[in-house]
Amino acid sequence: MKTYEIAVVQGDGIGPEVCSAAIEILKETLGSNRLHFVEHPAGAEHYKKTGVAFPEDTFNACKSADAVLHGAAGLPGVVYPDGTEAGLDFGLQLRFRLDLYANIRPIKLHEGVVSPLRKYEPGSIDYIILRENTEGLYASRGAGVRIRGELATDTIVITRKGTERVVRQAFELSRARNGAPRDGKRRVTCCDKANVLRSYAFFREVAVEVAKDYPDIELDFALVDAMTVHLVHRPDFYDVIVTENMFGDIISDLGAATIGSMGMSPTAEVGDNNGFFQAAHGSAPDIAGQGVANPLGTILAGAMMLDWLGRRHDDEGLLEGGRRIQAGVEKVLGGGKIVPRDLGGSSGTREVVDAVARALV
Ligand code: IPM
Ligand code: MN
C-alpha cells in the first residue's frame, strides 16, 4: 500500500494545538502507517531563536513531501526592520516558491452552526472562494519601495498566465459542484475592482476569455466593495468566486464569519505539483496554550488534503478517509452537544478532537 510523506509545520500561537489535533484525526481515520508525518521548523518563534523564519531545509522538505500540513504562523510583535511580520514568510514564500496558485477556501454553513445572518440556514451558504495565491498585491511582499521615510509603494502584479489558470480552476471547481444553493445554477463570479484599476480590468478581461470554454457555467461579476454587501445579503447566490490575492484574503475572512467563525474555515493551497493545507485563521496568541482553540478548521483542512492526495494518486482509501472526516465533523456539529468556544459553546480542543474521533465511522 502506498504511503505518503506529510511535511508538518506546527507554527506559532495555537498552531501546534490545532495541527496536532488534525494529525490525531488523520491517524485515527487511516491508521498510523499510511501517512508519515515529519515535523519541520518555521514561523515567528523560530525567527526569534535563529533570525530565520523559513529555513531552507524546511523549504526543501516541503517541496519533496507529498503534501504540507500547517497549524498557523506569525506573532504580532515579531517583525522585520520594515515593520512586516517575519513569521508570515513561511506561508507566503511557500506559495510563491512552490507556485501554489490556487487557494481554495470553502465557505459552508454546517448543520448545527448558527450563522450571524439570521435568514440563513445550514445548506443555504455553500460556496468556494478561489483566491489567486501567487500574484496580485501580495506579490510585492518584501519588494515594496520605501523612500526616505516619505513614501512607500507596493505594486500589484496580474499576468495573463496567472489569471487564466486560476479562472480555469474556478470553472473546473464549479463543474464538479451542484451549483449555488439559491437556484442550483453553476456560476463563477469574478470579483475585482475593474471599474477603477487597469490591473483588475485586465483580470476581468482574461476571465471573460476563459469563460468561453465553459458555456455551461454562468459567468457573473462583482466589484469587491459590493461583494462585501452581497456576501452578507445573498450568500446563497454564490457557487465559486474567483478573485485577486489580497481581495481573496479579505473576503474569505468575511465569508468565514458568516458560517460561524474563522475556526470553521479550511484552506487548500495547490499548484500543479504541491499542496499546502491549513485553516484560514491566524495564530491567535491570546488563546494559545489554553486548550480552547477550535481545531475544526485544521481538521477539515486535513480532509481536503486527503481528497487532494486521493485524486492525485487515484487512491480510493484516501478519498474515503477525507469523506469520513468531513462526515465526522458534520455529525459532531449536528449533534449540538460539542460546541467550540468560537461558536458560542464551551468545548475545548480536546473535547472536540475526541468527539470527532468517536464520530468517524
Ligand atoms: C491567510 C493569512 C495569510 C495571508 C497570512 C498569514 C500571510 O491571512 O492565509 O489568509 O495573508 O495570506
Ligand atoms: Mn487571511
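The model is predicted, so local features need pLDDT of at least 70 and side-chain atom pairs count only at pLDDT 80 or more, while totals for chains, interfaces and linings use all residues. Residues are numbered from 1 along each chain as its sequence is written, chains are lettered from A and ligands numbered from 1 in the order in which they are written, and side-chain values use heavy atoms, with hydrogens and water left out.

## Overall fold

The chain contains 11 helices and 12 strands; these are DSSP runs numbered from the N terminus, with helices (H or I) of at least four residues and strands (E) of at least two. Its radius of gyration is 20 Å, close to the 21 Å that the globule rule gives for 361 residues, so the chain is as compact as a globular protein of that length. That radius is taken over C-alpha atoms, and the globule rule is 2.2 Å times the number of residues to the power 0.38. Along the principal axes, the C-alpha atoms fill a box of roughly 50 × 50 × 40 Å.

Of the 361 residues, 54% are buried. Buried means under 20% relative accessible area, exposed over 50%, and partly exposed in between (1.4 Å probe, protein chains only). The chain exposes about 15300 Å², of which carbon and sulfur atoms supply 51%; accessible areas come from the Shrake-Rupley method with a 1.4 Å probe, and for residues only the protein chains shown count as cover. Among contacts (heavy atoms within 4.5 Å) with a separation of 6 or more, 74% are between residues 24 or more positions apart.

## Domains

Domain 1 comprises 1–100 + 273–361, and domain 2 comprises 115–259; the bounds come from an automatic or database domain assignment. Their centres, taken over C-alpha atoms, are separated by 24 Å. In the contact between them, 12 residues of domain 1 meet 7 residues of domain 2.

## Salt bridges

The whole structure has 24 salt bridges, each defined as a side-chain nitrogen of Lys or Arg within 4 Å of a carboxyl oxygen of Asp or Glu.

| Pair | N to O distance |
|---|---|
| Arg350 and Glu24 | 2.7 Å |
| Arg182 and Asp236 | 3.4 Å |
| Arg311 and Asp307 | 3.0 Å |

Arg350 in helix H11 (residues 349–359) and Glu24 in helix H1 (residues 15–30) are 326 residues apart, and the pair links distant parts of the chain. Arg350 is partly exposed at 44% relative accessible area, as is Glu24 at 35%.

Asp236 is buried, with a relative accessible area of 13%, whereas Arg182 is partly exposed at 45%. Arg311 and Asp307 both lie in helix H9 (residues 296–312), 4 residues apart, about one turn of the helix. Arg311 is exposed at 61%, and Asp307 is partly exposed at 30%.

## Two individual sites

Ser252 is in helix H8 (residues 245–258) and counts as buried at 1% relative accessibility. Leaving aside residues up to four places away in sequence, Ser252 touches Arg105, Ile107 and Ile129.

Leu151 lies in strand E7 (residues 151–153) and is partly exposed at 43% relative accessibility. With Val145 and Ile147, Leu151 forms a nonpolar surface patch that has about 220 Å² of accessible area together. Patches are made of residues with over 30% relative accessible area and no salt bridge, like charges being joined within 9 Å and nonpolar side chains (Val, Leu, Ile, Met, Phe, Trp, Tyr) within 5 Å.
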